[in-house]
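Colleague: I am new to this structure and would like to learn how to read its aromatic rings. Could you take me through them?

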Amino acid sequence: MSTKTEFASKIGLIAATVGSAIGLGNIWRFPAETQENGGAAFLLVYILCVLCLGIPVMLAEFSLGRGGRSDSIGVFRTLSPGKPWWLVGVGAILAAYLITAFYMVVAGWTLEYLYQSVSGGLYEGIDNAGGSLRELFSTRMDDYISTDVPPLIFTFLMIILNIAILLGGVQKGIERLSNIMMPLLFVILAAICCLTLSLPDAGAGVRYFLEPDFSKINAGVVVNALGQAFFSLSLGMGILITYSSYYPANTRLGSTSLTVSLLSILVAIMMGLVIFPAVKSFGLDDEPLRGATLVFVTLPEVFAQLPMPRLWSSLFFLLLLVAALTSTVSIAEVSIAMLQDRFKMKRTWATLTVLLPLFVFSTLCSLSFGSLSGFKIAGHTIFDFLDKFSTNWLLPLVSIGVCLYVGWFAPKNLLRDQLSNCGTIRSRTTGIVLFIIRYIAPLLIAAIVIFPLL
């Protein structure tokens with residue numbers, strides 16, 4: 001009988017996995033990608049990519065994690081001892097740690113904006129701003145992000161909060177957090193949706209978002225939707241392998257992957273129903289919806305024109321903080337699990353070993369917007385370099401490695417046994433999933449990397 005720590009309940013298992021998948025990719029990247037790639041045309045392709053490709057790759061990671069009952073390196077060593085496939089796990093852990101370093105900075109920005117919304121500092125002077133709200137909030141973003149000390153304080157607070165949660169372990173830390181935060185996220189998102197859908201001319205924004213123009217679909221839209229699907233499901237960074245190693249033996253991997261994917265799609269759609277009616281109602285739809293600018297400039301500009309701007313702004317940044325926190329916790333857990341499994345570290349020492357160095361690494365990422373802004377790596381700031389190197393290269397390469405391994409080199413019937421719970425339940429889709437993992441997924445994932453270079 002395995003002594004591996006497990007999630008205590010099915011609800012907790014789903015909440016934790018959904019929390020790991022739902023992050024800034026759903027909340028600020030998705031609307032930007034949708035606007036840039038044809039609105040509803042992109043949405044339609046994105047949904048198809050999640051259902052037809054994202055779920056099979058997710059099932060490959062789930063099968064590895066539960067089948068190997070170990071961390072992202074250990075699953076390969078357990079299932080194929082003496083073979084070099086464990087290097088795929090090294091890539092996943094490296095990607096996860098690099099992402100943790102800069103993601104913690106963004107989480108710190110979110111915490112700072114929540115504080116400024118609640119305290120009212122974000123909206124000071126709006127009555128005297130006249131028609132220059134965008135300039136006002138652009139200046140605020142520079143003040144809150146591009147200075148040295150305030151962003152560091154809030155980044156450090158996020159690191160400390162992550163340490164406190166992760167010291168609690170899988171059940172008392174990760175699962176308890178997810179059980180509280182995921183329902184809260186959906187309640188807040190639903191409330192903000194009701195607000196934006198009631199705005200004047202909201203219908204035009206809804207039509208842009210939900211009425212597809214199939215003439216907009218081209219190779220670029222497909223590749224971008226594919227990349228968004230992988231990013232929004234947290235594929236390729238070891239999270240799903242790590243979390244599924246905590247799944248009980250009777251967990252139905254097929255229904256779990258479908259539930260997680262549908263909830264991830266639901267959050268993306270709800271964010272679209274927040275963003276597009278809001279920007280259309282206030283005539284802001286001619287501006288490109290870029291990630292940080294969207295949430296830190298455009299949306300505060302929208303809230304400033306509503307009754308009770310501090311309330312709606314506080315709710316939105318609480319929503320963003322919930323998504324950021326569940327994501328940072330899940331990404332950090334990848335490295336913590338590796339130290340526990342590979343080096344037999346106790347939970348406390350593994351957590352501190354992973355997170356304490358972030359006081360240095362995340363500082364460097366934060367200062368790349370301030371006093372280190374002139375320091376470049378391959379023409380990019382430290383923050384942008386880590387972002388692009390991990391998301392554009394490491395994550396796709398790890399995903400390709402996972403697909404090749406599970407499709408061709410894993411122990412025979414690993415996928416079939418995991419999807420059928422060793423024959424105790426019926427799985428009608430194993431053959432289709434295996435075909436996609438073997439022949440389709442590696443080629444399409446490679447296209448994510450190659451297409452932007454053409």
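Modeller: A search of the whole structure, which is a predicted model, finds 33 aromatic pairs.

Colleague: How is a pair of aromatic rings described?

Modeller: By the distance of the centres and the angle of the planes. Take Phe7 and Tyr246: their centres are 5.8 Å apart and their planes stand at 85°, an edge-to-face pair.

Colleague: Which parts does the pair of Phe7 and Tyr246 tie together?

Modeller: Phe7 belongs to the segment before α1 (10-21), and Tyr246 to the loop between α11 (239-244) and α12 (253-281), so the pair links parts 239 residues apart in sequence.

Colleague: Is Phe7 buried or exposed?

Modeller: Buried means under 20% relative accessible area. Phe7 has 3% relative accessibility, so it counts as buried. Tyr246 is buried as well, with a relative accessible area of 3%.

Colleague: What kind of pair do Phe385 and Phe389 form?

Modeller: A stacked one, with 5.9 Å centre to centre and 5° between the planes. Both residues lie in helix α17 (residues 382-409), 4 residues apart, or about one turn of the helix. Phe385 is partly exposed at 26% relative accessibility, and Phe389 is partly exposed at 33%.

Colleague: Which residues form one aromatic cluster?

Modeller: Among them are Trp28, Phe102, Trp109, Tyr113 and Phe296.

Colleague: Which residue lies over the face of Phe231?

Modeller: Arg29 does, at 4.5 Å from the ring centre. In another case, Arg77 lies over the face of Trp86, at 4.5 Å from the ring centre.

Terms used: Residues numbered from 1 in each chain as written. Predicted model: local features only at pLDDT ≥ 70, side-chain atom pairs only at ≥ 80, totals over all residues. Heavy atoms only, no water. Phe/Tyr/Trp six-rings, centres within 6.5 Å; stacked < 30°, edge-to-face > 60°. Helix = DSSP H or I, 4+ residues; strand = E, 2+ residues; numbered from the N terminus. Buried < 20%, exposed > 50% of the residue type's maximum accessible area, 1.4 Å probe, protein only. Lys NZ or Arg CZ within 6 Å of the ring centre and 35° of its normal.
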